[in-house]
Structure formats: C-alpha cells, structure tokens
Amino acid sequence: MVEINTTSAQADLIRFSGLSKRFQLKRGHQDALAGIDLTIRRGEIFGIIGPSGSGKSTLIRMINRLERPTQGRVEIDGVDLAGLDGAALSALRHKLGMIFQQFGLLSTKTALQNVAFALELAGTGTASSRKARALELLERVGLSAHADKYPAQLSGGQKQRVAIARALANNPNILLCDEATSALDPYATQDILSLLTDLNRDLGLTIVLVTHEMEVVRQVCDRVAILDQGRLAEVGAVADVLLDPQSPEAVALAAHLLPRPENVASSELVRLTWFGEDRLHATVSGLDVWVSLHAGQVSHLKSGLYGDVWATVSGPERLTALARLRDAGLKVGEVAS
Amino acid sequence: MTEFLSAFFVNVDSGEILRASLETLGMLFGALVLSIVLGLPLGIGLSVTSPSGLAPNRLSYGALSLIVNVLRSVPFVILFILLIPVTLALVGTSLGVRGAIPPLVLGAAPFLARLIEMALREVDPAVVEATQALGASKRQIVWRTLLPEALPGLIAAVTVTAIALVSYTAMAGVVGAGGLGDLAVRYGYQRFQTDVMLVTVVLIILLVQGLQVAGDALVARFSHK
C-alpha cells in the first residue's frame with residue numbers, strides 16, 4: 001500500500017528521474033520522452049506545456065502509471081512506483097485524481113452515479129453514505145441541481161465539473177489534468193480554471209496540468225515545464241519563464257501570448273514586459289518622448305501582476321527613456337537601433 | 001369475403017399452424033438464451049484479448065477468432081447435418097425442437113460473439129481510461145464500465161441474432177426440426193399448397209418485425225446518448 005503523506009515537511013512531492021519512454025512502432029520506434037528530470041512540489045499548480053507530440057500527456061500519465069517508463073523512475077513522496085501492481089496500483093490511483101479532455105463520464109450513469117462510482121470502485125462506505133458524499137462533492141463544484149442528469153444533458157463545462165467531483169471522491173492529494181480545458185469554450189475554460197485554483201487553495205491540492213495553451217499556464221500555474229520533442233526545454237516559475245525565457249521554445253511561447261501587431265511598421269516599436277505594478281508612465285514622465293500603445297495586457301499571474309505591451313517609444317530622448325525603463329526593471333525587447 | 005378467404009385458404013389447418021408456430025418460438029427462444037450464455041463470454045474474451053483490448057493476447061485471440069470464423073463460415077444447413085453426431089450425443093435426438101437447439105446455438109453463438117466484440121469496441125476509450133485512472137481492476141472495468149456502457153449495443157446485437165435465428169429455424173425445419181419452416185416446405189413446396197406457404201411466410205415476417213420493434217424499444221430505453 002502506498003501512503004502519501006500530506007503533512008510531510010518535504011516540499012518535493014513528485015520526482016521524475018532519468019525518465020524515458022520509447023514506443024515501438026511497426027517500423028522502428030519513437031522516443032516520446034528522453035531523459036526527463038523534474039520535481040513537482042507539494043501544494044503547487046504545476047503546468048506542463050508543449051506542442052502535440054511533445055510527450056506532455058505521456059509524462060503526466062506516468063504519475064498514475066497509465067503509462068510505464070521504458071527507463072528511469074517516478075517517485076511520489078519518495079515511493080518508487082516501479083514495483084506497484086494489482087491492488088497496490090489501485091490504491092495509488094484512488095489517491096490520484098485525474099481529469100481528461102474528453103471527460104470520460106459513463107453515459108449510462110447520472111452525474112451523481114458517476115461520482116458515487118469512484119467510491120464504489122474504491123469499496124468505500126455504504127450505498128447511502130456514498131450517495132451523500134457524492135452529493136456533497138457535486139455541491140462543491142456547484143452542480144447539485146444537476147445531480148440526476150445524464151452526461152448527454154450537461155454542457156462541456158458541467159461535464160468537466162462532474163469529472164472533477166468524481167476525481168476528488170476518494171480525497172486525493174494530487175489532481176492530474178490532461179488537457180482538461182482543451183475541449184471547452186472560453187467561458188467554460190475560465191470556469192474550470194477558477195475552480196481548479198479554488199481547490200488548490202482550499203484543499204491544498206497539488207495540481208499537475210498538461211496543456212498546449214500558454215494562456216492557461218499564465219493564469220493558474222505556479223511553475224511550468226516546457227517540453228519539446230520529448231525533452232525538457234525549460235522549467236521555472238511562470239513569471240521567470242515569461243519575463244526571461246531562456247530556451248527558444250519558451251521565447252516562442254511568451255511571444256505567442258501577445259503577437260507583434262502587424263499594422264505597425266515603425267522601427268521604434270518595442271515590447272515591454274514587467275512583473276508587478278504598472279511603472280511604464282511613471283518611469284518616462286518628464287522626458288521628451290511619446291509613447292503610444294498598440295497592443296497589450298496587464299494580467300494576473302498566480303504570483304502577481306504581469307504586464308506585456310507593444311509600444312512605440314519615439315522622440316529626442318528615446319534612448320534615455322528605454323534605459324530608464326530597463327533600470328526600473330522592465331524588460332525591453334525588439335529594439336531597432 | 002369470408003367465403004372467398006376460406007375458399008382460398010382451403011388447405012390451412014389452424015391447429016397445425018399453431019403447433020408449428022409454438023415449435024418455432026421454442027427453438028428461437030431456447031437457442032437465443034443458450035446463444036447468449038455461450039456468446040457473451042466468448043464476445044468478452046474476444047474483446048479483452050484483442051490487440052486493442054484490456055489484456056491483449058495474440059494466442060488466445062487467434063484461437064477464439066479461429067473457432068468463431070470456422071463456425072460462421074459453414075452454411076447453416078450444412079452445419080446442422082455435420083453436427084448430427086454431436087447433437088445425438090448431447091440431446092439424444094437430431095429431430096424436433098430438441099434436436100435443433102444444439103446446431104442453432106453453435107450457429108448463432110459465434111455470430112453473437114462477434115457482434116458483442118464490436119459493441120464493446122464501440123465504448124468510448126476515454127471512459128475506459130477514466131475508469132482505469134480511478135483505480136478499477138480489469139475485472140471491474142469489464143463488469144462495471146464496458147458491459148453497462150455497451151448495453152444498448154449488446155441489446156441490438158441480441159436483436160440481430162434473434163432475427164438470424166428465425167431464418168435458421170426455418171432452415172432447420174427443412175432437415176427435420178419442425179416449426180413453420182417445415183410446414184412451408186412440406187405443404188407449400190412439396191404439395192403446391194400456396195396458401196400454407198403464404199400464411200407461414202406472413203407469420204415469420206410478423207415474428208421478425210415484432211423482434212425488431214421490441215429490440216429497438218429496449219435500445220432506446222437504455223441509451224442515454
């Protein structure tokens with residue numbers, strides 16, 4: 001039996017070391033993951049991002065052993081998963097919630113029955129206690145009014161809420177989300193993301209989230225790993241990766257969040273990014289420059305405000321202004337001389 | 001009108017028709033129940049051991065598949081005759097309703113098994129994976145997820161098999177099993193009594209129609225898509 005200790009002072013919860021996965025194809029093979037070393041900390045929302053085929057889904061599925069590594073190790077709270085099989089594997093999975101892009105709800109069961117199903121499989125409680133617990137969970141995700149509906153009668157966002165309630169049924173301390181918002185419209189996506197943030201805060205739930213959308217990572221994640229063709233391109237706090245991307249993959253993802261405005265030909269166009277309160281106008285006021293904003297947003301990262309704008313800075317004191325912005329901690333990118 | 005009808009259906013003996021109908025129904029439902037008993041585990045076995053199944057096993061799948069294919073490729077009338085020694089050993093006679101049941105079951109069960117394999121394959125893989133992630137054992141996945149989720153498909157498979165069995169019973173009638181098929185051949189064909197032929201055909205059509213309507217209603221009842 002695997003006991004995952006939530007109260008342990010140890011910050012590291014999930015550790016991948018030297019993890020590789022090779023799929024045998026009809027001709028040759030494909031390396032889905034190659035030598036991944038990565039640690040996910042207790043209580044954080046950890047994003048895994050990458051294009052399709054980057055191995056991100058394979059990586060998250062290693063955590064509950066839906067996928068087994070060809071080489072390397074996966075440890076949860078210091079317990080190596082390699083030896084787990086049968087009942088021990090089931091016990092592990094009862095303590096790891098997972099939600100999917102396609103929800104995976106049983107079409108022949110109501111919302112309530114779907115949630116209770118997780119408890120039945122784990123063999124917990126009596127029929128009436130399971131029903132009570134399932135109702136409580138549906139209430140937690142705001143769906144108690146829809147308890148007796150079948151999945152076909154629910155919207156995508158509602159289905160994902162049922163799936164979250166089901167994933168939480170056995171009190172897991174880790175929730176795995178495999179492209180959980182990719183099939184949802186923008187409103188439902190916001191809805192699910194704020195629910196995930198609440199659960200992380202209120203229950204101390206560690207969330208591992210696979211996505212191909214940097215927007216999702218920006219909104220909810222503490223840290224992020226960027227995968228590309230089975231390799232770890234970069235890992236770090238979301239603010240660091242956005243402000244100071246090291247790898248070409250990270251640069252591309254950060255750029256993708258706010259594309260260069262196409263209708264601006266000016267060579268004085270710059271991209272300004274910063275973390276924290278808006279200091280743009282305060283920094284350049286008094287200088288003989290004109291600043292015009294073309295595109296931008298100030299958004300909330302989990303760790304604070306993040307500003308990202310495309311602006312033209314022109315006028316006699318342009319270079320002084322840019323230097324002051326840099327001194328004030330803003331990042332100034334794409335400056336034509 | 002009535003006079004015309006009784007003049008036209010001069011050869012139709014309602015007692016004989018009733019007896020033959022009951023024989024057909026007996027063969028149909030006896031064989032159907034046993035086909036489910038045999039075909040369901042066989043279908044589950046095919047599905048589970050198939051290359052995309054829960055526990056892929058090339059050898060088991062190949063063996064099960066071969067048995068099913070062999071039984072399905074022999075035309076039913078020939079299967080019936082081939083199986084006479086087996087039938088004699090099993091039920092002591094190769095005639096009548098009792099003698100028809102073993103070949104009917106061996107003809108229909110593999111057919112049903114293939115349909116069940118297909119119905120189970122239709123279950124959304126995302127649902128199976130989600131159940132796996134919930135810590136379900138393979139046994140739980142089969143019994144708690146695959147079979148309930150495939151229920152409408154399974155009912156449709158049984159309906160199709162029942163209808164195939166109706167035509168098997170008619171063929172069995174030709175080789176001594178009795179029933180409506182026997183009546184149609186002995187009176188309608190060999191004695192040129194077209195009226196008997198007509199009545200048996202209409203009864204068989206009504207039977208098939210009834211089975212289809214009942215099957216469709218059950219599929220609708222259990223489907224929540």
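Q: Is Asn171(A) buried, exposed or partly exposed, and why?
A: Asn171(A) is partly exposed, because 14 other C-beta atoms lie within 10 Å. The cut-offs: buried takes 20 or more other C-beta atoms within 10 Å of the residue's own, exposed takes 12 or fewer, and partly exposed is in between, with C-beta atoms placed from the backbone.

Q: Before we go on, what kind of model is this?
A: It's a predicted model, where local features need pLDDT of at least 70, side-chain atom pairs count only at pLDDT 80 or more, and totals for chains, interfaces and linings use all residues. Residues are numbered from 1 along each chain as its sequence is written, while chains are lettered from A and ligands numbered from 1 in the order in which they are written.

Q: OK, where does Asn171(A) sit?
A: In the loop between helix H5 (156-168) and strand E7 (174-178) of chain A. Helices (H or I, at least four residues) and strands (E, at least two) are DSSP runs, numbered from the N terminus.

Q: And what's its phi?
A: Phi of Asn171(A) is near 50°, which is positive although the residue is not glycine. Arg65(A) also has a positive phi without being glycine, near 60°. You'll find Arg65(A) in the loop between helix H1 (56-63) and strand E4 (71-76) of chain A.

Q: Why does Arg65(A) count as partly exposed?
A: Because Arg65(A) has 19 C-beta neighbours inside 10 Å.

Q: Switching to chain B: is Ala113(B) buried or exposed?
A: Buried, because Ala113(B) has 29 C-beta neighbours inside 10 Å. Ala113(B) belongs to helix H6 (residues 96-121) of chain B.

Q: Which residues does Ala113(B) touch?
A: Leaving out residues up to four places away in sequence, Ala113(B) touches Gly39(B), Leu42(B), Gly43(B), Leu46(B) and Val68(B). Contact here is C-beta atoms, placed from the backbone, within 7 Å.

Q: Where does UniProt put the "transmembrane region" feature in chain B?
A: The unreviewed entry puts it at residues 28-49, 61-84, 154-176 and 196-219. UniProt positions use the numbering here, feature names are shortened, and annotations may be inferred rather than shown by experiment.

Q: What does the chain look like over residues 28-49?
A: Residues 28-49 of chain B are 100% helix and 0% strand, with end C-alpha atoms 30 Å apart. Residues 196-219 of chain B are 100% helix too, and their end C-alpha atoms lie 35 Å apart.

Q: Last one: how many residues make the contact between chains A and B?
A: The contact takes 18 residues from chain A and 18 residues from chain B.

Methods:
Contact = placed C-beta atoms within 7 Å.
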